Amino acid sequence: MSDTAAHVVAELAANAVTHGHVPGRDFLLRLVILRDAGQDVGRLRIEVTDACGERRPVARRGGEDDTSGRGLLLVDALAVDWGVTERALGKTVWAELALPESI
């Protein structure tokens, strides 16, 4: 679970630095455990917020010779769900991972 979460955090944070950077502003990483009432299994929600709202992430398949651009495909494969939430300033890209029953 921790390896999966680390991969997703690394990808979303790298995207925020590479594509969402605004001079003088940082990005915010937030981790939240979500649990519905009466359910034993929850989700880990990973959120990365940056100040650049006009550049929305898109999962795309890179070409054979491309050396980057496939990270959101990894997020899509590892996460139960992921998406983008618009903010007054910027955006939040989030992904949710299923938690093991023991957590």
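## Start at Glu11

Select Glu11 and look around: leaving out residues up to four places away in sequence, Glu11 touches Gly71, Leu72 and Val75, where a contact means heavy atoms within 4.5 Å. Before going on, know that this is a predicted model, where local features need pLDDT of at least 70, side-chain atom pairs count only at pLDDT 80 or more, and totals for chains, interfaces and linings use all residues. Residues are numbered from 1 along each chain as its sequence is written, and side-chain values use heavy atoms, with hydrogens and water left out.

Is Glu11 buried or exposed? Its relative accessibility is 17%, so Glu11 counts as buried. Buried means under 20% relative accessible area, exposed means over 50%, and partly exposed is in between, with a 1.4 Å probe and protein chains only.

## Widen to helix H1

Glu11 is found in helix H1, so now select residues 2-19 to see that helix. Helices (H or I, at least four residues) and strands (E, at least two) are DSSP runs, numbered from the N terminus. H1 has 18 residues and reaches 25 Å from first C-alpha to last, close to the 26 Å expected at 1.5 Å a residue. That expected span is 1.5 Å times one less than the number of residues.

Color Ala5, Val8, Glu11, Leu12, Ala13, Asn15 and Ala16: these residues of H1 are buried. Here's a handy idea for looking at them: an α-helix has 3.6 residues a turn, so residues three or four places apart point the same way. What covers the buried residues of H1? The cover includes strand E2 (43-50), helix H2 (71-78) and strand E4 (91-98).

## Zoom in on Val8

Staying in helix H1, click on Val8. With a relative accessibility of 1%, Val8 counts as buried. Show Ile46, Val75, Leu78, Ala95 and Leu97 too: Val8 touches them, not counting residues up to four places away in sequence. Then try a distance between Val8 and Gly71: they are 63 residues apart in sequence, yet 8.8 Å apart in space, C-alpha to C-alpha.

## Over to strand E4

Next, select E4. Seven of its eight residues are buried, so E4 is largely enclosed by the rest of the structure. Strands pair if DSSP finds at least two bridges between them.

Now bring in strand E3 (residues 81-86), which pairs with E4 in the antiparallel sense over six bridges. Here Thr85 has Thr92 as its bridge partner in E4. Four residues lie between the strands of the E3 and E4 hairpin, where Gly90 takes a positive phi near 95 degrees.

## Out to the surface

Hop to Leu29 in strand E1 (residues 28-34). At 39% relative accessibility, Leu29 counts as partly exposed. Val17, Phe27, Leu29 and Leu31 form a nonpolar surface patch, with about 350 Å² of accessible area together.

## Zoom out

Show the whole chain to finish. Two helices and four strands make up its elements, running α-β-β-α-β-β from the N terminus on. Of the 103 residues, 33% count as buried. Among contacts in the chain with a separation of 6 or more, 57% come from residues 24 or more positions apart.

Methods
Patch = residues over 30% accessible without salt bridge, like charges linked within 9 Å, V, L, I, M, F, W, Y side chains within 5 Å. Areas by Shrake-Rupley, 256 points an atom, 1.4 Å probe, with all protein chains shown as cover. Salt bridge = Lys/Arg side-chain N within 4 Å of Asp/Glu carboxyl O.
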